[in-house]
Amino acid sequence: SLCLKQNGKKGIRLEIHNRQTPRGGILKVDTPHFLTISIFHLSLSTLGLISPYINPSQVSISIHSLPSPDQSYYLIAHRKQIFCRITLRVLRRQTALSQAMAGGGFVSSAGGTEFEAKITPIVIMSCIMAATGGLMFGYDVGVSGGVTSMPAFLEKFFPVVARKTQDPTLNNSNYCKYDNQGLQLFTSSLYLAGLTATFFASYTTRTLGRRPTMLIAGLFFIAGVVLNAAAQDLAMLIVGRILLGCGVGFANQAVPLFLSEIAPTRIRGALNILFQLNVTIGILFANLINYGTAKIKGGWGWRLSLGLAGVPAVLLTVGALLVSETPNSLIERGRLDEGKAVLRKIRGTDKIEPEFLELVEASRIAKEVKHPFRNLLKRKNRPPLVISIALQIFQQCTGINAIMFYAPVLFNTVGFGSDASLYSAVITGAVNVLSTVVSIYSVDRLGRRKLLLEAGVQMLLSQVVIAVVLGIKVTDHSDDLGKGFAALVVIMVCTFVSAFAWSWGPLGWLIPSETFPLETRSAGQSVTVCVNLLFTFVIAQAFLSMLCHFKFGIFLFFSGWVAVMSVFVFFLVPETKNVPIEEMTDKVWAQHWLWKRFVEEDGDVEMEGRVGVNGKGNGSNGVDYSS
């Protein structure tokens with residue numbers, strides 16, 4: 001590190017400490033290499049130092065050897081127990097400093113900075129309670145497919161579909177029984193509402209905080225559940241789904257950010273996947289409840305299915321009242337003391353100064369950005385923006401939500417009975433949960449890329465097998481799969497679901513939440529959720545019609561997308577395992593063969609002061625203003 005100290009009355013002394021030596025000792029004077037650092041007008045007032053500025057002064061540093069290009073150095077200001085950390089980063093430019101260093105410079109090392117943090121009970125509890133937003137989302141995904149296959153529900157709200165599924169004299173194609181725009185709107189309206197709500201959620205996440213945004217989501221969920229369970233006509237049903245969609249928009253905006261920011265770096269991936277794990281648990285619960293309520297006599301089982309969504313809705317609302325706000329959000333809104341106290345509490349240690357000051361510096365930079373959405377379009381933010389949008393599009397184009405929304409309908413279509421179709425949906429839901437647990441264990445060990453690439457191969461093969469079986473055995477008016485082929489279809493669907501659940505499912509949310517810098521994180525998460533919900537809406541609204549027209553070819557359509565997305569990951573998605581969020585630019589984008597072209601032109605030194613060498617600058621005090 002570069003250690004900044006008061007040097008009597010003469011000014012400031014800088015010492016270079018080598019982080020590689022066992023005791024972190026000061027490098028000794030051995031050779032006549034001198035670097036003269038000019039520091040002037042370096043504003044530290046926002047960090048609470050006694051004097052608002054460090055007085056202009058020049059100091060000479062004699063070092064044992066020139067810093068190697070693969071090391072990063074830090075400037076630590078120390079006065080009366082108040083610290084600040086400023087990263088000195090000099091890119092490989094032909095400035096005075098880089099010439100003196102024989103073409104090298106201060107650049108980041110391969111690994112990220114590991115701040116001291118314990119895995120405290122408060123972090124675990126906060127993450128579990130926050131992730132109930134995923135439980136609500138998952139329940140909504142799973143319950144819609146189940147109730148739309150219940151005869152009583154169809155007869156009350158969609159009599160045309162009920163006649164097509166129950167009257168054999170109508171001579172409808174097996175693939176077209178459920179092709180109805182109103183039925184698809186029941187499912188997809190939730191996601192269209194979520195898309196709209198996301199724009200408002202971005203504002204509340206930034207100005208009110210992550211915790212109040214989760215509370216708003218919970219209230220929307222409760223209101224939607226009440227309307228759905230009591231629905232008397234299609235309009236009331238759709239309005240309830242729209243309110244649920246608003247809850248999804250707010251929850252999907254706030255929860256992944258909350259989890260990423262409260263979790264220690266080394267387990268950030270695992271805790272973030274709690275959100276996706278709860279999505280899968282919600283789907284499984286919905287399938288189990290649908291299986292039970294379908295057997296209720298009297299035709300009111302669908303009301304119970306829709307009404308039980310109130311359980312995760314209440315859990316999310318209560319959880320939002322009990323958890324702490326994230327330090328990032330508190331610091332971002334100027335509440336530094338609260339942010340520091342919360343950081344100390346969730347990390348379980350008093351040694352939180354380096355992490356706190358990095359958050360303060362990131363927040364200071366963020367406040368300089370007046371228009372986060374406009375800033376999101378800047379060249380330096382292209383890498384996380386492009387990858388986040390692509391991941392959301394690809395996540396939906398795997399076809400997973402088509403299977404999860406309409407699993408009972410899909411199994412009905414290919415010849416399973418009503419009970420058998422719900423039972424098969426329960427099996428796929430259970431596989432979904434277990435595979436997400438695999439992801440929690442492996443994401444911070446194997447990394448993101450390996451999981452995405454392995455899953456691409458597994459999903460591609462399983463979808464091709466499903467398409468071949470359905471193409472041979474299921475025609476427009478014959479659906480006699482036979483027990484052997486029926487079992488094979490369920491196994492292949494489970495193979496596909498398991499691959500998705502330990503890769504594209506959780507990582508589609510994790511990677512965007514951990515790659516955007518603080519100044520654009522709310523805006524970036526908002527765009528991520530918007531794109532996801534837009535394509536979820538498109539797939540939900542179009543799938544049953546696509547199934548009618550494409551027939552078994554629908555699985556070949558999705559498998560083609562899986563091939564494209566695997567190529568995209570191989571070439572363009574870098575590994576983000578164990579990299580602190582605030583260091584993502586230096587450790588990830590600046591090292592990538594393509595993305596480094598977008599981030600390398602953002603200036604040479606990340607500080608308000610300038611650096612010159614031996615007094616040979618283009619301005620006074622040896623400052624090279626061109627750098």
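Which helix contributes the largest share of the nonpolar patch? In this predicted model, the answer is H11, which supplies four residues. The patch lies on the surface and is formed by Leu219, Ile222, Val226, Val314, Val318, Leu321 and Leu322, with about 610 Å² of accessible area together. The elements that give two or more residues to it are helix H7 (210-229) and helix H11 (310-322). Leu322 belongs to helix H11, and this residue counts as exposed because its relative accessibility is 59%, where the cut-off for exposure is over 50%.

Side chains of opposite charge can pair when their charged atoms come close. There are twelve salt bridges in total. In one of them, the side chains of Glu332 and Arg210 meet at 3.3 Å, N to O. Glu332 lies in helix H12 and Arg210 in helix H7, so this pair ties together parts that are 122 residues apart in sequence. Glu332 counts as buried because its relative accessibility is 13%, and Arg210 is likewise buried, at 0%.

Another salt bridge joins the side chains of Glu261 and Arg521, at 3.2 Å, N to O. Since Glu261 is in helix H8 and Arg521 in helix H22, the pair ties together parts that are 260 residues apart in sequence. Glu261 is buried at 4% relative accessibility, and Arg521 is buried at 2%. Arg210, Glu261, Glu332 and Arg521 are linked in a network of salt bridges. Glu514 and Arg448 form a further salt bridge, with their closest N and O atoms 3.0 Å apart. This pair links distant parts of the chain, with Glu514 in helix H21 and Arg448 in helix H19 (residues 448-473), 66 residues apart. Both Glu514 and Arg448 are buried.

By class, the lining of the largest cavity has eight nonpolar, nine polar and no charged residues.

The second largest cavity has a volume of about 150 Å³. It is lined by 16 residues, with Glu261, Thr265, Arg347, Glu355 and Glu582 nearest its centre. Its lining has eight nonpolar, three polar and five charged residues.

Note on methods:
Residues numbered from 1 in each chain as written. Predicted model: local features only at pLDDT ≥ 70, side-chain atom pairs only at ≥ 80, totals over all residues. Heavy atoms only, no water. Patch = residues over 30% accessible without salt bridge, like charges linked within 9 Å, V, L, I, M, F, W, Y side chains within 5 Å. Areas by Shrake-Rupley, 256 points an atom, 1.4 Å probe, with all protein chains shown as cover. Salt bridge = Lys/Arg side-chain N within 4 Å of Asp/Glu carboxyl O. Buried < 20%, exposed > 50% of the residue type's maximum accessible area, 1.4 Å probe, protein only. Nonpolar A, V, L, I, M, F, W, Y, C, P; charged D, E, K, R; others polar. 1 Å grid on protein atoms, 1.4 Å probe; cavity = no way out; pocket = protein on both sides within 12 Å on 5 of 7 lines; lining within 4 Å. Points joined across faces, edges and corners; volume = space filled by probe spheres on them.
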